[in-house]
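User: Please take a close look at one part of this model and describe it in detail. Starting from a single side chain, I would like a connected account of what lies around it and how the rest of the model can be read from there.

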Amino acid sequence: MTPLEHLNARLSIPGQLGFRANAEGLVFAEIDNAQATASICLQGGHVVTWQPKTEARPVIWVSSAAKFAPGKSIRGGAPVCWPWFGPHETEAGFPAHGYARTVNWEVTDSRALDSGETELALALVENEQTRAQWPHRSRLEILVTVGRSLKLNLITTNLGDHDFVIGEALHTYFEIGDIAEVRLLGLEGCEYLDKVENFARKRQEGGITFSGETDRVYVNTGAECVIEDAGLRRRIRIAKSGSQSTVVWTPWVEKAEKMGDMGPGTSGQGGWREMVCVESANALDNRVTVPAGQTRRLNVEYSVEPF
Ligand code: TA6
């Protein structure tokens, strides 16, 4: 029996969950239940896309030019940034946003819930790279619950005998009609660090609209956010707990062209126009100390309604 056959034998759920591999050997969990479809790449514990059956378009965006290859970050979905957010504090050679999104995770459980949702549990598999970049005994798990809403629980456990500090984010790309036609609500009055202006500290006035590269870390906020999308005539609700930062990002055209993996988008005007990142995080001022033997959870629930 191949490892994929073994995985399917142990953890697939007839009629709603199966596992497949791509030509590069990455394994994906494919979920199709009565409420939604979703695809999760085992590398990175990475929800690649999620589409409730009520929606004509996915709610979580993935680039048509995304690379799905071992050790490569995927452009789109809900990347897990851990155990640091952004560049490493001291090691320029360490991967941006931590290593969690580019190393293998294993499926530890799968369940068909009475609610009709499908639940998948994954845990990061440590290796030489992770131990070299993170000299602490820890366990990182994600619980993915797929249905009319998408619930993600990112669980950090400190297995060692000393405290450690993490930065973390669910760096989620949401699919929208067009970046110029959306408004992001929920962060009014919050302080943010503006990465486009050398981390200048500012305060948000009113709702957020987009007319250029935007890269902001809102701090000390547990607020629920709503993306009002006039293009697709829907609202995407982003509820969270265990997160005190919200990162808002659009690369706009120059950055997107340099990145090279944003794709043309359905309109051909650039995939960057059809996504916005609203990331539930603990970053910068809000990095988290996890005491020895303790567990920290960062939880989100995404849902969508007509607008
Ligand atoms: O969260 C926003 C951000 O930190 C941007 O500065 C940009 O770097 C983006 O993440 C994407 O990062 P990635 O490493 O996935 O290309």
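This is a predicted model: local features need pLDDT of at least 70, side-chain atom pairs count only at pLDDT 80 or more; totals for chains, interfaces and linings use all residues.

Gln 204 itself belongs to the loop between strand 15 (200-203) and strand 16 (214-218). Despite this loop position, Gln 204 counts as buried because its relative accessible area is 7%, under the 20% limit.

From here the account turns to the ligand. Asp 215 is one of the residues around the ligand, and Val 247 is another. The C-alpha atoms of these two residues are 7.3 Å apart, although 32 residues separate them along the chain. Val 247 is part of strand 19 (residues 245-250), and it is buried, since its relative accessibility is 1%.

The rest of the shell around the ligand consists of Arg 75, Phe 85, His 97, Arg 101, His 171, Lys 195, Trp 249 and Glu 279. By residue class, the shell comprises five charged, three nonpolar and two polar residues. An N or O atom in the side chain of Arg 101 is 2.8 Å from a ligand oxygen, and a polar side-chain atom of Glu 279 is 2.9 Å from a ligand oxygen. For the side chain of His 171, the corresponding distance is 3.0 Å. The ligand taken alone exposes 390 Å², and the protein buries 78% of this area.

The cysteines deserve a separate remark. The count of disulfides is zero. Cys 81 does not form one because its sulfur is 9.1 Å from the closest cysteine sulfur, that of Cys 277, whereas a disulfide requires the two sulfur atoms to be within 2.5 Å. Cys 277 is likewise in no disulfide. Cys 81 counts as buried, because its relative accessibility is 0%, and Cys 277 is buried as well, with a value of 0%.

Trp 82 and Pro 83 are joined by a cis peptide bond, with omega about 5°. Pro 83 lies in the loop between strand 5 (80-81) and strand 6 (105-112).

Asn 198 is not a glycine, yet its phi is positive, at about 55°. The loop that holds Asn 198 runs between strand 14 (191-194) and strand 15, and Asn 198 is exposed, since its relative accessibility is 70%. Leu 284, also not a glycine, has a positive phi of about 50°. Leu 284 is found in the loop between strand 20 (275-282) and strand 21 (288-290). Its relative accessible area is 34%, so Leu 284 is classed as partly exposed.

Terms used: Residues are numbered from 1 along each chain as its sequence is written. Side-chain values use heavy atoms; hydrogens and water are left out. A residue is near a molecule or strand if one of its heavy atoms lies within 4 Å of it. A polar contact is a pair of N or O atoms within 3.5 Å; within protein, one must be able to donate a hydrogen and the other to accept it, and residues adjacent in sequence count only if both atoms are side-chain atoms. Accessible areas come from the Shrake-Rupley method with a 1.4 Å probe; for residues, only the protein chains shown count as cover. Ala, Val, Leu, Ile, Met, Phe, Trp, Tyr, Cys and Pro count as nonpolar, Asp, Glu, Lys and Arg as charged, and the others, Gly among them, as polar. Buried means under 20% relative accessible area, exposed over 50%, partly exposed in between (1.4 Å probe, protein chains only). Helices (H or I, at least four residues) and strands (E, at least two) are DSSP runs, numbered from the N terminus.
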